[in-house]
Amino acid sequence: TEPAQPDTEPQEPVRFSDVPETYWGYSAIQKLVALQVVNGTDNGAFEPEKSVTRAEFVVMLSRLSGDATGQGSTGFQDVAQDAWYASAVAWAVENGITTGTSETTFAPASTCTRAEVVTFLYRLAGEPDVSGTALPFTDVAEDAYYTDAVKWAAANGVTAGTSATTFSPNDTCTRAQAVTLL
């Protein structure tokens, strides 16, 4: 049998009560909803300014990668094997995207920082070499665990930072920021 052909009909935008067409992240949200990477929340909302959790972001990453699912246990005591995000966390561990917050914890309900999000994306991209790449942000230390990820993200147009000179690595990443970075 032939593989299914993608639907060529343009999709109607999903209307979220809290994301008007004039919202800065509207296009990214619409694109990732259409790709089934992310969904809205309750009552027809998207909650773009709500913090994204580590579990939510790893699920988004696995979906972006073709709904990749891990085959084994995560090894984390705080990720039940039947949790809605368990296979995505297993996939992320198997592919070197996360090592958790410790050897035994993933902290699925913790909010993702902007540094964590770009680090996950950088690892998904295969950790490309960034030697010789300038660090455009004054609030990112040269020896931070996420420095190479931020360099890569800035050099490849993944992020322009929160200003011309700041990245705000320790700020919580919102759902709108997460889908825009994806």
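Trainee: Okay, is Arg54 buried or exposed?

Mentor: Keep in mind that this is a predicted model. Arg54 is buried, because its relative accessible area is 3% and the cut-off for buried is under 20%.

Trainee: And which residue does Arg54 form a salt bridge with?

Mentor: That's Glu116, with the closest N and O atoms 2.9 Å apart. Arg54 sits in helix H2 and Glu116 in helix H4, so the pair ties together parts that are 62 residues apart in sequence. Glu116 is buried too, at 15% relative accessible area.

Trainee: How many salt bridges does the structure hold?

Mentor: There are 3. One of them joins the side chains of Glu21 and Arg15, at 3.1 Å from N to O. Glu21 counts as exposed at 56% relative accessibility, and Arg15 counts as exposed at 53%.

Trainee: What about Lys151, which side chain does that one meet?

Mentor: Lys151 meets Glu142, at 3.5 Å from N to O. Lys151 is buried, with 11% relative accessible area, whereas Glu142 is exposed, with 56%.

Trainee: Switching topic: how much space lies in the largest pocket?

Mentor: About 170 Å³. Its lining includes Trp84, Lys50 and Arg175, and the residues there divide into 5 nonpolar, 3 polar and 4 charged.

Trainee: Which element gives the largest share of that lining?

Mentor: H2 does, with 4 residues.

Trainee: Last one: which residues make the nonpolar surface patch?

Mentor: Leu35, Leu64 and Leu124 make that patch, which covers about 230 Å². Leu35 is in the loop between helix H1 and helix H2.

Conventions:
Residues numbered from 1 in each chain as written. Predicted model: local features only at pLDDT ≥ 70, side-chain atom pairs only at ≥ 80, totals over all residues. Heavy atoms only, no water. Patch = residues over 30% accessible without salt bridge, like charges linked within 9 Å, V, L, I, M, F, W, Y side chains within 5 Å. Areas by Shrake-Rupley, 256 points an atom, 1.4 Å probe, with all protein chains shown as cover. Salt bridge = Lys/Arg side-chain N within 4 Å of Asp/Glu carboxyl O. Helix = DSSP H or I, 4+ residues; strand = E, 2+ residues; numbered from the N terminus. 1 Å grid on protein atoms, 1.4 Å probe; cavity = no way out; pocket = protein on both sides within 12 Å on 5 of 7 lines; lining within 4 Å. Points joined across faces, edges and corners; volume = space filled by probe spheres on them. Nonpolar A, V, L, I, M, F, W, Y, C, P; charged D, E, K, R; others polar. Buried < 20%, exposed > 50% of the residue type's maximum accessible area, 1.4 Å probe, protein only.
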